[in-house]
Amino acid sequence: MISFIIYKAIICLVVFLLSLGVAAYATLWERKFAAFLQDRVGPDKAGPWGLLQPLADGGKMFFKEEIIPNVSNRFLFILGPSLFMLTALMTGTVIPWAKDVNIGGQTYSLQITDINIGVLYLLGVVSIGVYGIMIGGWASNNKYALLGAIRASSQMISYEIAMGISIIALIITAGGTLSIREIIAQQDAGLANVVYQPLGFLIFFVCALAETNRAPFDLPECESELVGGYHTEYSSMKLGLFLFAEYINMFISSAIMAGFYFGGYNFPFAQELYDAMGLQEGSWIISLIGFGAYFTKIFIFICVFMWVRWTLPRFRYDQLMNLGWKTLLPLSLLNLAITVVVEYLRGNIHI
Amino acid sequence: MQLTNRSKVVSNKEQSFMERLYLPAVAKGMLITASHLFKKTPTTKYPEQTRPMAPVYRGQHVLKRDENGAERCTACGLCAVACPAEAITMESAERKKGEEHLYREEKYAKTYEINMLRCIFCGLCEEACPKEAIFLTDRIVDAEYEREDFVYGKDKLVEKTDKRIDVSKRQTLEVAEFKKIAGTKHNTLWDGKKQLKDKH
């Protein structure tokens, strides 16, 4: 029992630090990648290649003056970023990072918890994340912050529908399981889900961009219209939490996309490679390689997120809503219908 | 009524299905940005790297001393007259006995100020100078916080005896020859007209 608690505590800590570390370095990589796309150099003064830049930024955030507006609701003002950060970190709990490790006859799964309704849990936590933005923007008692919060919540709610429906289609192809562990594990033998769900993946990707408030859907914080959007009144580390949580969201949604549609820690000819290396099932080297593969996919997705951000201009608000309700929602319903028919014909669904 | 032929007929036609799909246009844009990933950055990392400068770059001025270390400037005021930006002011004074090692001629500049905010670095002062006293160098004027700090006095302009500033590149034979041509009328006394006839 004690060993179980220690093992879970270690995994929790590792995933926590991993999320924070990846988010920190995603900020640096974002700036570097933007620089590469724009024929610039990017930050390179703090440490070699600017590698200490996230530390410097974090230090700056901590030491900045903390301003809480007099007219704001103090409790809710603090609750907003905390909730946003909390939900961002909570999403990492259900993702299996690699194959199980067998140490001393005991199997350890590299996942904080395997809930059998993992997908549902994920959607639930993500939709609580909206409250972080909404409460933060509302409690600021500032027009711009309120507008940003309204935009953020309406945008996230709108795109959650198309996202949810595309996930339902995915779950039907995956044989009706809601456990993320099983969804990833069953892509081990067969093809990655993106082969069966190309349209679903596209919809999911667009919705993920909108859910994480990234360009071209970054209307909640569009500087040209709303000063800073929902975090206009925030300063110091509370602002840092908002910005940081956004990067964690990006990391987690990349991990989800890589897991749901691109096989997570699986990769083509993995079994052949392990056999050639003479590795037994449950070896830690297999987990390490799988983890590396998963991270490569996540990294590619993060790069695509940034690539999109530095290419596309922001949508207008009515365009955003049109795209969400009039294009993505019908498309995802179509995708769902096609999936159901195909799976019925294949004999995987029984009425 | 048509005033110019530059007007264009505005088309307000409906977007086609492919256009409404956004995706082809998005892909096109993404490819354009991606192509920039592989381009060389033209950045010069300034304080560490500097871009090559022309050998006759016109930067911060220097007031030269002669080979004995005496100031060459005689406060004739030709530079101030030549200056199109009116950046130069000076006050002259008479050389006292025993100051021969400090000033080359009987008259010298007691104060000599160039306002670096007014200066346009055209080099006309240098061209006007009959005593080869003022030169523009390849040094860059420093940034300052206060406006008055840009008014450089003799303390900043006159070269230090132990830290001579090399202006040989701006003092080439061609420059010396050019300076003898009338129209710039200095260095030679009154045979300017004859020189002009000789040269042209």
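**Architecture of chain B**

The model is a predicted one, and the values below are computed from it.

- Of the 200 residues in chain B, 14% are buried.
- Among the contacts in chain B with a separation of 6 or more, 70% are between residues 24 or more positions apart.

**Sheet in chain B**

- Three strands of chain B form an open sheet in the order β2-β3-β5, and their pairing is antiparallel.
- The edges of this sheet are β2 (88–94) and β5 (151–152) of chain B, each of which pairs on one side only.
- Strand β3 (residues 107–115) of chain B is joined to β5(B) by 2 bridges, and the two run antiparallel.
- Opposite B:Ile114 stands B:Tyr152, a residue of β5(B).
- In general, strands of a sheet pair through backbone hydrogen bonds, in either a parallel or an antiparallel sense.

**Residues with positive phi in chain B**

- Most residues other than glycine have a negative phi.
- B:Ala75 is not a glycine, yet it has a positive phi of about 55°.
- B:Ala75 lies in the loop between β1 (61–63) and α3 (78–82) of chain B.
- B:Ala75 counts as buried because it has 22 C-beta neighbours inside 10 Å, the cut-off for a buried residue being 20 or more.
- B:Phe121, also a residue other than glycine, has a positive phi near 55°.
- The loop between β3 and α4 (124–128) of chain B holds B:Phe121.
- B:Phe121 has 16 C-beta neighbours inside 10 Å and therefore counts as partly exposed.

**Helix packing in chain A**

- Two packed helices are described by the angle between their axes and the distance between the axes.
- In chain A, the axes of helix α5 (residues 143–173) and helix α13 (residues 317–345) come within 9 Å and cross at roughly 10°.
- The pair α5(A) and α13(A) is therefore roughly parallel, a term that applies to angles under 35 degrees.
- The crossing of α5(A) and α13(A) is left-handed.
- The contact of α5(A) with α13(A) comprises 15 nonpolar, 8 polar and 1 charged residues.

**Hairpin in chain A**

- Strand β1 (residues 98–103) and strand β2 (residues 106–110) of chain A are paired antiparallel over 4 bridges.
- A:Val101 has A:Tyr108, in β2(A), as its bridge partner.
- The two strands β1(A) and β2(A) make a hairpin with 2 residues between them, and A:Gly104 in the turn has a positive phi of about 60°.

**A buried loop residue in chain A**

- A:Gln187 is located in the loop between α6 (180–185) and α7 (193–196) of chain A.
- Because 23 other C-beta atoms lie within 10 Å, A:Gln187 is buried.
- Apart from neighbours within four places in sequence, A:Gln187 is in contact with A:Ala192, A:Asn193, A:Gly263 and A:Asn266.
- From C-alpha to C-alpha, A:Gln187 and A:Thr93 are 20 Å apart in space, and 94 residues apart in sequence.

**Interface between the chains**

- Contact between the chains involves 11 residues of chain B and 10 residues of chain A.
- On the chain B side, the residues that touch chain A are 5 nonpolar, 5 polar and 1 charged.

How values were computed
Residues are numbered from 1 along each chain as its sequence is written. Chains are lettered from A and ligands numbered from 1 in the order in which they are written. This is a predicted model: local features need pLDDT of at least 70, side-chain atom pairs count only at pLDDT 80 or more; totals for chains, interfaces and linings use all residues. Two residues are in contact if their C-beta atoms, placed from the backbone, lie within 7 Å. Ala, Val, Leu, Ile, Met, Phe, Trp, Tyr, Cys and Pro count as nonpolar, Asp, Glu, Lys and Arg as charged, and the others, Gly among them, as polar. Axes are lines fitted to C-alpha atoms, for helices over the stretch in contact, and angles run from 0 to 180 degrees between N-to-C directions. Angles under 35 degrees count as roughly parallel, over 145 as roughly antiparallel, 65 to 115 as roughly perpendicular and the rest as oblique. A crossing is left-handed if the near helix is turned anticlockwise from the far one by less than a right angle, and right-handed if clockwise. A residue is buried if 20 or more other C-beta atoms lie within 10 Å of its own, exposed if 12 or fewer, and partly exposed in between; C-beta atoms are placed from the backbone. Two strands pair if DSSP finds at least two bridges between them.
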